Amino acid sequence: MDRADYQDIINEYKEQVRVLKAQISELEDACKSKDAALKRSLQKLEHTTQDLDKANDEIKKQSE
């Protein structure tokens, strides 16, 4: 193999690395978005559970 062939292989690898870095970045962004959505959902669930507990306590007080 001559030097030009090696240079072509190196350039191809560099392009593959660039593509993979872009894909990693996209996946990291998607993961961050998913984490944020999960956090919001968990907070909603916690607030709903607290509201349910309060409502159950009030129902118990009224039934006594």
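Glu12 is partly exposed, with a relative accessible area of 48%. Partly exposed lies between buried (under 20% relative accessible area) and exposed (over 50%), with a 1.4 Å probe and protein chains only. This is a predicted model, where local features need pLDDT of at least 70, side-chain atom pairs need 80 or more, and totals for chains, interfaces and linings use all residues. Residues are numbered from 1 along each chain as its sequence is written, and side-chain values use heavy atoms, without hydrogens or water.

Glu12 sits in helix H1, residues 3–63. The protein has one helix and zero strands. Its radius of gyration is 28 Å, well over the 11 Å that the globule rule gives for 64 residues, so the protein is more spread out than a compact globule. That radius is taken over C-alpha atoms, and the rule is 2.2 Å times the number of residues to the power 0.38. The C-alpha trace spans about 90 × 10 × 5 Å along its principal axes. Buried residues make up 0% of the 64 residues.

Two surface patches follow. Patch residues have over 30% relative accessible area and no salt bridge; like charges join within 9 Å, nonpolar side chains within 5 Å. A salt bridge puts a side-chain nitrogen of Lys or Arg within 4 Å of a carboxyl oxygen of Asp or Glu.

| Patch | Residues |
|---|---|
| Negative | Asp2, Asp5, Asp8, Glu12 |
| Nonpolar, about 400 Å² together | Tyr6, Ile9, Ile10, Tyr13 |

Tyr13 is also in helix H1. Tyr13 counts as exposed, at 52% relative accessibility.

Note on methods:
Helix = DSSP H or I, 4+ residues; strand = E, 2+ residues; numbered from the N terminus. Areas by Shrake-Rupley, 256 points an atom, 1.4 Å probe, with all protein chains shown as cover. Lys, Arg positive; Asp, Glu negative; His and termini not counted. Charge placed at Lys NZ, Arg CZ, Asp CG, Glu CD.
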